[in-house]
Amino acid sequence: MATHQLDARGLLCPMPVIRTQQRVATLAPGDELEILATDPGVLHDIPAWCRVHGHELLDTTRGEREISVRLRVRG
Amino acid sequence: MSSPQPKPRRAVALISGGLDSMLAAKVMLEQGIHVEGINFYTGFCVEGHTHAIRNEHRDKPKRNNALWVAEQLGIKLHIIEVIEEYKQVVINPKHGYGANLNPCLDCKGFMVGKAREWMEANGFDFIITGEVIGQRPMSQRKDTMPVVARESGAFDRLVRPLCGKLLPPTLPEREGWIKRENLLDISGRSRKPQMAMAEQYKLHDYAQPAGGCCFLTNEQYSHKLADLWQARGTKEYELDDIMLLKVGRHLRPRPNFKLIVGRDEGENNYLQGYRKRFLHLNAVSHTGPLVLIEGTVSDDDLLLAARLTARFGHGRDAESVEVEVTDLAGRSSKLTVPPLPANEIPPEWYL
């Protein structure tokens, strides 16, 4: 299992979701991905995308300027 | 011993996030078809990000409607970015534009064509759309539906479940993968049949965008895009160009430059992200908007831009307002100007 990071800062939805989808397609089951973003839309869209595709949402953190979303790729 | 169940046929459904494509996918799911959704991001999509920018939309949920539809239907959704490829559809549509700069017929052919490529690459059997005969004046007419099927290369692998009974049988019907009698015969612009179906399927809270799901159907947006093309002398654009057309008040006081004026805190914050790429102005003696200048300006133009910047801020009634001007190298200077009175701004300046 590996941990990866995706920089989606400055992108507006749905681009962070598209980048997440592209990145997850290259990862192995069980890998973790942390997405860094600035558009608060990711707080809704990435969890929804995870539910639709069966990936596990680990947590979301909203800082003053940045948002972090962590997921685990489905097994 | 019974023979094993045949593997269900697989269809890719174009999911816009609206009701019709949702119902079309639902009708196929009811027939036991394995459905996955596909959604294309062109850059012109009316989506949550525009809600995220403006203050007035902050009380509304920032959902992606296509994802919401997929979740309601219990299907996967593949969101595909087509920004670069889509430019040729917008810039040079073979079938021309609709009432505004909406190339609906070319757009539908393009999207079904991309869905066909995806279908072939992923071993799916056919394509579903939520088209209804007579629903749209350009792309959803009985005479243009074969055009979409032909130009996309989908031919008889394109199924329109909501009006399929009114169209010639498709391959999935002839092969018995789906039953023609379970397709529908909806036509015309009324939304009542679709709303009744939504009720029947207990689908609520679906998106009903007033101008559809594309900014190109919007008159004001199209006007701004046409102005951009005219000012540059070429029908080219980048993603940032078309994103900025969705944000702020746009004024072109003179042919060589235009102003993009933030209308609220959300838009000012968004425009902040572009300030290093534009000459920009903001009032410093009063609160007010961030103003980006696109084009090249003389000292006289800059003075006018500063007066307009003062006009749209809280110093609009003051005798003078101090405005900071920052150039592309990050050098700042200050101008003290009287705000331009509202009656000195001709309506034609507003794009």
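**Figure 1. Domain assignment of chain B in the predicted model.** Chain B is divided into domain 1 (10-215) and domain 2 (247-349), with bounds that come from an automatic or database domain assignment. The C-alpha centres of domain 1 of chain B and domain 2 of chain B are 41 Å apart. This is a predicted model, in which local features need pLDDT of at least 70, side-chain atom pairs count only at pLDDT 80 or more, and totals for chains, interfaces and linings use all residues. Residues are numbered from 1 along each chain as its sequence is written, while chains are lettered from A and ligands numbered from 1 in the order in which they are written.

**Figure 2. The side of chain B that touches chain A.** Contacts link 18 residues of chain B with 17 residues of chain A; two residues are in contact if their C-beta atoms, placed from the backbone, lie within 7 Å. At least two residues of this side of chain B are supplied by each of α2 (48-53), α3 and β3 (77-81) of chain B. Helices (H or I, at least four residues) and strands (E, at least two) are DSSP runs, numbered from the N terminus. α3(B) gives the largest share, four residues. By residue class, the side of chain B that touches chain A comprises eight nonpolar, four polar and six charged residues. Ala, Val, Leu, Ile, Met, Phe, Trp, Tyr, Cys and Pro count as nonpolar, Asp, Glu, Lys and Arg as charged, and the others, Gly among them, as polar.

**Figure 3. Packing of α2(A) with α3(B).** Helix α2 (residues 42-53) of chain A packs with helix α3 (residues 65-73) of chain B at an angle of about 30°, and their axes are 9 Å apart. Axes are lines fitted to C-alpha atoms, for helices over the stretch in contact, and angles run from 0 to 180 degrees between N-to-C directions. The crossing of α2(A) and α3(B) is left-handed, that is, the near helix is turned anticlockwise from the far one by less than a right angle. A:D45, A:A48, A:W49, A:R51 and A:V52 of α2(A) make the contact with B:L67, B:W68, B:A70 and B:E71 of α3(B). These residues divide into six nonpolar, no polar and three charged.

**Figure 4. Crossing of α1(B) and α8(B).** Helix α1 (residues 19-30) and helix α8 (residues 192-200) of chain B cross at roughly 55°, their axes coming within 10 Å. α1(B) is therefore oblique to α8(B). The crossing is left-handed. B:L19, B:D20 and B:L23 in α1(B) meet B:Q194, B:M197 and B:A198 in α8(B).

How values were computed. Parallel < 35°, antiparallel > 145°, perpendicular 65-115°, else oblique.
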